[in-house]
Structures are given as structure tokens and as C-alpha cells.
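Look at the sequence and the structure below before reading on. The paragraphs that follow go through a few of the places in the chain, one after another.

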Amino acid sequence: MKFRKISHLKGELRIPGDKSISHRGVMLGSIAKGTTRISNFLQGVDCLSTISCFSRMGIEIENSGDEVLVHGNGLRGLKKPFPDNILDCGNSGTTTRLICGILAAQDFDVILTGDASIQKRPMKRIIDPLTAMGADISSVKGNGCSPLAITGSQLHGIHYTSPVASAQVKSSILLAGLYADGETSVTEPYLSRNHTELMLESFGAQIKTGGTTASVQPAKELYAQDIRVPGDISSAAFFLAAGLLAPNSEVLIKNVGINPTRDGILKVFRDMGGDITFVDTCEGSGEPSADILVRSSSLHGTVIEGAIIPTLIDELPVIAAAACFAEGTTVIRDAAELKVKESNRIEVMVRNLTAMGADVEETEDGMIIRGGKPLHGAVIDSRLDHRIAMTFAIAGSMADGETEILGAECVNISYPGFYEDLARLAR
């Protein structure tokens, strides 16, 4: 894909459903009694990997596009994958880590694998706490990554203090806790996104939260729900940035999830001088959402660190790109987690932004961006990371000359139709 500078963005759009909530809807629907109806389901490759895994374990799932029906078999109704014991999670870290918590307690063994990227991502962070619960789970290659060999076991409750604020780690442990013999709790250094806790509660689990600790009691059964998935704020992030940066722009992004554990990008862009307002707000399935109006703004640098980082970890690439167009210096700290995403996003962002003429410096846990220097087109290696590809589609639309993105099709992981939406608003 190739991009040139745009003159404006105008109009409104509906972004795809939230990826995190779509994943969890399929998972909890599969282990609940009855039929779970998920509307505005994200038809991205990652979420389809979750559907595929549970379908192979005997769950009937009807996917009609916008709506998915999951005919659950109850808490202990999963079956050994047929015809072999292999589940392929594709590129999805959420599928891989969360499903481990469920598989750890089943009465069958399974090999959990994925693509080349997934086989490099750290899984020891869930292997260790699940093992402490009595799980039989190991890295087949002995490198702390997938493929993972899991043999279902009797689990017991633990209180786990996580060294990282990670919703995937927390969720994996809480899902395992449904099958444990006593209370299971997780304490994080900062509060990560809480979609699992909200959804578990709606499905009938006994959940308790306080501060950065979440606890779950063993469950006898979960019960099917209707889930209305809001638009994914991580996908909206690219149009928030574009609407702020492109001159003479006004974009209305409909039905965006604004869960307080995910809305850090709104706070940061407002702190940077961004004109962002809520036109309408509502709440469904325990998840708040809003129509968000964004207008062209003059941005200035800021410092992003500490407790806000888990609330915008997936949005940091596009925030970093936007900071290049802001006046002054932006500092990102406490974001070492970016190194273990689909790519090392710190290294990839610094390399590609530098190629476009930005003044950006890599640090151990983030980057320093000295804004206000005009960017020019370059050839961008996305590393097949969907958020990197979308970030540089926005950066290329604000830069002089032509920007070419290699591996641009990887946006299908989370936002099929992204390029079409961008082109439509730029007309």
C-alpha cells in the first residue's frame, strides 16, 4: 500500500467491534450453558482463530458476519480437538494465553500452537502461575514460548502477584480459577483492562475487585448472555490521530468503547491539546461506549508514564507517530511491554519514524520524540504487525512525498476495511 499527504478528513464511520470483548464472548459463551448471542463481533483474523479453536473442541458456533451465536456446552462440555489434539491460535496472543486457563482444567491433553510470531512471544508469564495452580503445562521447545503442551489437571486456588500489568495474564488465571478448588486472585502492579471481570460477572461468576486485585470463586456453571460489542478504541485510535493532525478535519467515530481501563489515549490526546468530545454515551453488556467527535488541533508534547500505560499500551505506536507532529518533546516511559507484542514495537517505531525524518530516540522502556520536524515518505516494514501498518498509514497520510508499507495486508488481523475507511474520509 502507498500513501500520500491528505488535505483533510471529513465524515463519520463505525469501526469494527472490540477485539478483546469479541474474543472473550466466544470463550465464555463456549463454556456457558445455552446460546450466547454476540452482536458487532469483530471479523478479524485473530477472533476467527478463537472461533476455530472452540469449534474444534465440539462447540457449535454460527457466524453470520455481524452476529455470532455460540451454543455453549457448559463449564465442562469441551471435547478433545478432533481429529488430532492440536489447536492453532494463528497470530493471536489473546487466544493463546486466555485459552490456556480454560484448557488447564479439562480432561484431555492438547498442543497449543500458532504462527511464527506467536512462537516468539513470551508464555512463561502464564505458564508459571498456572503451574502454581497445579496445571500441567510446558513449552514444547523449552524456550518459554509456544507450542505449549497442556494436560488437564485438578487445579487449586492461589493468590498471584503478577510482575506485569497484563489483562491476558490476569484473564488466564481467572479463567482457570473457575475450575479451581478455592478462591483465585490476581494482583497487578497497575490495573489492566477489565473486560474479563465484567463479562465473567454477567455470565454468573462470583467476581470481586478492589484496587488492582481481582478474585474469582470456583463456578458450578456459567449461563449464556447477549453481548453487544462496542467499537474497538484501539482501532478508533488511528482516526483519532488522523482527525487531530489533518487540517480542516472533523470526524465522528460512532459507538466507541470507552471503558476506563482502555481510555488512556483520550486522556493523552486531550492533554496534548486535542479537540475530542463525546456526542452521545451509553452502556450495554456492562461496557460504556460513546460517539466521539474529533477535530483538527495543534498538539504539544507530553509525558506518558506509570499507571496510564496499561490503558493505552496498544495505542502507543500511533500516539508516538502523532507526537512527531506536535510541538515540543514527548516522553514515553514504563512501556517495555511494547517489546513483546506482535513485533518489538519500540524498535520498529523508532526505526521507521527515523526513516521518515523524525527526531526520535529509543530508550530501555519507551522512546523520546522531539516533535515539530516535517516528515517525508519512506518504505516502511510493518513486520506484519497490524498496529504498525495502520500507524504508518496515518503517518504517511500526513507526510510529504510517498510512503509505501510492506506487508500492509496484516491489518486484517484487527481491522479489515481500514484502508477503505481512511480513503473514504479523505475524499
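Does D314 count as buried or exposed? This is a predicted model, and in it D314 has a relative accessibility of 10%. Buried means under 20% relative accessible area, so D314 counts as buried. The residue lies in the loop between β18 (303–304) and α9 (316–324). Leaving aside neighbours within four places in sequence, D314 is in contact with R193, S234, K341, R345 and R387. An unreviewed UniProt entry lists D314 under "active site".

Over residues 4–422 the chain is 29% helix and 26% strand.

Now turn to S235, which is found in helix α7. With a relative accessibility of 1%, S235 counts as buried. Not counting residues up to four places away in sequence, S235 touches I15, S414 and Y415. For a distance across the model, take S235 and R125: they are 110 residues apart along the chain, and their C-alpha atoms are separated by 26 Å.

Helix α7 (233–245) also has a part in covering another helix, α12. Which residues of α12 (residues 418–425) are buried? They are F418, Y419, D421, L422 and L425. Seen down the axis of α12, these buried residues fall within an arc of 160°, so they line one face of the helix. Besides α7, what covers the buried residues of α12 includes β1 (2–3), β2 (10–14), β15 (250–257) and α11 (386–398).

Helix α1 (residues 19–30) and helix α6 (residues 195–202) pack at an angle of about 35°, and their axes are 10 Å apart. The crossing of α1 and α6 is right-handed. On the α1 side, the residues that meet α6 are S20, I21, R24, G25 and L28. On the α6 side, they are H195, T196, M199 and L200. The residues of this contact divide into four nonpolar, four polar and one charged.

Where are the cis peptide bonds described here? One joins F82 and P83, with omega about 5°. P83 lies in the loop between β5 (67–73) and β6 (86–88). Another cis peptide bond runs from S146 to P147, with omega near 10°. P147 lies in the loop between β8 (136–139) and β9 (148–151).

Phi, another backbone angle, is positive at N40, near 60°, and N40 is a residue other than glycine. The place of N40 is in the loop between β3 (33–39) and α2 (45–55). D334 is not a glycine either, and its phi is positive, about 65°. This residue is in the loop between β19 (329–332) and α10 (345–355). At 39% relative accessibility, D334 counts as partly exposed, whereas D314, at 10%, counts as buried.

Technical notes. Residues numbered from 1 in each chain as written. Predicted model: local features only at pLDDT ≥ 70, side-chain atom pairs only at ≥ 80, totals over all residues. Heavy atoms only, no water. Buried < 20%, exposed > 50% of the residue type's maximum accessible area, 1.4 Å probe, protein only. Helix = DSSP H or I, 4+ residues; strand = E, 2+ residues; numbered from the N terminus. Arc of directions from axis to C-beta. Contact = heavy atoms within 4.5 Å. Axes fitted to C-alpha atoms, helices over the stretch in contact; angles between N-to-C directions. Left-handed = near helix turned anticlockwise from the far one by under 90°. Nonpolar A, V, L, I, M, F, W, Y, C, P; charged D, E, K, R; others polar. UniProt positions renumbered as here; feature names shortened; annotations may be inferred.
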